[in-house]
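Hi everyone, thanks for coming.

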Amino acid sequence: MQLDIAEELGALIEARRDDLIALTQDLIRIPTLNPPGDNYLEICEYLGERLRASGFAVELIRAKGTPGDSDRYPRWNVVARREGHRPGECVHFNSHIDVVEVGRGWNFDPFAATLDDGKIYGRGACDMKGGLAASIIAAEAFLELCPEFPGAIEISGTADEETGGYGGVAYLAEMGFFSPERVQHVIIPEPLNKDRVCLGHRGVWWAEIETHGEIAHGSMPFLGDCAVRHMGAVLDEMETSLFPALAEKRTAMPVVPEQAKQSTLNINSLHGGQSEPPADFTGWPSACVPDSCRMVIDRRFLVEETIEDVKQEISDVLERVKTRRDRFRYDITDMHQVLPSMTDRDAPIVKTVSRAIEEVLGVAPQYVVSPGTYDQKHIDRIGRLKNCIAYGPGILDLAHKPDEYVGVDDMIDSAKVMGRTLLALLTDRDD
Ligand SMILES: [Zn+2]
């Protein structure tokens, strides 16, 4: 790549600083809280109008019938595509448009998008409206510099990433939007820090374990069978055998933070016996032996483990308990699973973005893997597209917190990295 053209592109991005700030602020000021999925149509129309003005063909797609979709809260997505002048590869920037609840403890109005000391504050500022804005500015600057490019650029704003992505990227992937014939490179501008390339994520298995007992009068528990005591034995077995075993499993995946480089299990919830009475009920519970206890587990696993092994491990725990307890009966119900995803270090998008980071920031990029999943899972599994990473501005630790912000300089820097990536992939190179 010629350095002068890359520097020219950097200058065009710098010149758009005010536009970048205003665009980020506009996006934050459309409160797209999820749940329930507020204002999706409004933000998609806003993005559509902006990108149409930059020569993109825009489609608004409602993910009808997906979880949460209703006429009151329709799951809208926007996909914009700008064709080049010659055939070539397509680079796609995918950002989720939804934000999580505000929570307490804010010093700024979460939807005012206040600019203060080079930072824009608001819910969704870093996760991930700042990244979305940076990708739009990068693409627009590239188009000004190279209007006659080969290939295509796509920018999408998608619903529901924070609640699994089924009304967003999963739906679009099922419709063929991420098929390898249509798209060759995907960047998801999640807030991973501007010098880090996120290659993928660990796997997830959610399941419910239920232990069964027999109801009886609480004054004569020997006439029944307590499901909560059975579950207590399960917890005990987990403490003595399962948690130590999980801590031993280390991955070669570069997961951050460091503690997530092992397998983990979270006990998400535990319910046994009578359900909690309504808040306005002032009476006492009745005396009963619980006949059911249910535990929801959230198991995160590594690329070195198979989902079958992960499930077998839990069955083994329960079977060990069974050998020690006479009337022990249980069920395991699968709730949800996502396999680990990790893009190859040598994949074209990884190499291109890494080189751009070195050129713009003068540092070697760090390669990371996310402890939790994001929309890459759908692009990988449903779209069958492996050449996908997360790369974007913002500090991951600020996501979902009070006083979330994105730094303007960070957005400019990562827009430059994204712009250089477009230059490298969408121009006729001699190197
Ligand atoms: Zn996000």
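Let me start with a question: in what order do the strands of the open sheet of 4 strands come? The order is β10-β11-β9-β12, and the pairing is antiparallel. Please keep in mind throughout that this is a predicted model.

Let's stay with that sheet for a moment. Its edge strands are β10, residues 264-272, and β12, residues 329-338, and each of them pairs on one side only. On average, neighbouring strands here are turned by 15° against each other, if we ignore direction. Helix α7, residues 307-324, lies across β9, β11 (292-301) and β12, and it runs at about 20° to β9.

Now let me step back to the whole chain. We have 10 helices and 16 strands. The radius of gyration is 25 Å, close to the 22 Å that the globule rule gives for 431 residues, so the chain is as compact as a globular protein of that length. Along the principal axes, the C-alpha atoms fill a box of roughly 85 × 45 × 40 Å. Of the 431 residues, 45% count as buried. And what about contacts? Taking those between residues at least 6 apart in sequence, 82% join residues at least 24 apart.

Next, the open sheet of 3 strands. Its order is β4-β5-β16, again with antiparallel pairing. β4 (115-116) and β16 (405-407) are at the edges with a single partner strand each, so one side of each has no neighbour in the sheet. β5, residues 119-121, is joined to β16 by 3 bridges, and the two run antiparallel. Here Y121 stands opposite Y405 in β16.

Which helix packs on this sheet, touching β5 and β16? That is α4, residues 125-145, and its direction makes about 40° with that of β16. Helix α10, residues 408-425, also lies across β5 and β16, running at about 60° to β16.

Which residues of α2 are buried? They are L20, L23, T24, L27 and I28. These residues cover an arc of only 130° around the axis, which puts them on the same side of α2. As for what covers the buried residues of α2, the list includes α3 (40-53), β5, α4, β16 and α10.

Let me turn to strand β6, residues 150-158. Is this strand enclosed or open? Of its 9 residues, 8 are buried, so β6 is largely enclosed by the rest of the structure. It has a partner in β2, residues 76-83, joined to β6 by 6 bridges in an antiparallel arrangement. In that pairing, R82 has I153 as its bridge partner. β3, residues 86-96, is joined to β6 by 8 bridges, and these two run parallel. There you can find N94 opposite S156 in β6.

Last stop: V197, which is found in strand β8, residues 196-201. Is V197 buried or exposed? It is buried: 24 other C-beta atoms lie within 10 Å, and the cut-off for buried is 20 or more. Leaving out residues up to four places away in sequence, V197 touches V350, V353, S354, P365, Y367, I389 and Y391. Now compare Q274, which is 77 residues from V197 along the chain: their C-alpha atoms are separated by 48 Å.

Notes: Residues numbered from 1 in each chain as written. Predicted model: local features only at pLDDT ≥ 70, side-chain atom pairs only at ≥ 80, totals over all residues. Pairing = 2+ DSSP bridges. Contact = placed C-beta atoms within 7 Å. Axes fitted to C-alpha atoms, helices over the stretch in contact; angles between N-to-C directions. Buried ≥ 20, exposed ≤ 12 C-beta atoms within 10 Å, placed from the backbone. Arc of directions from axis to C-beta. Rg over C-alpha atoms; globule rule 2.2 N^0.38 Å.
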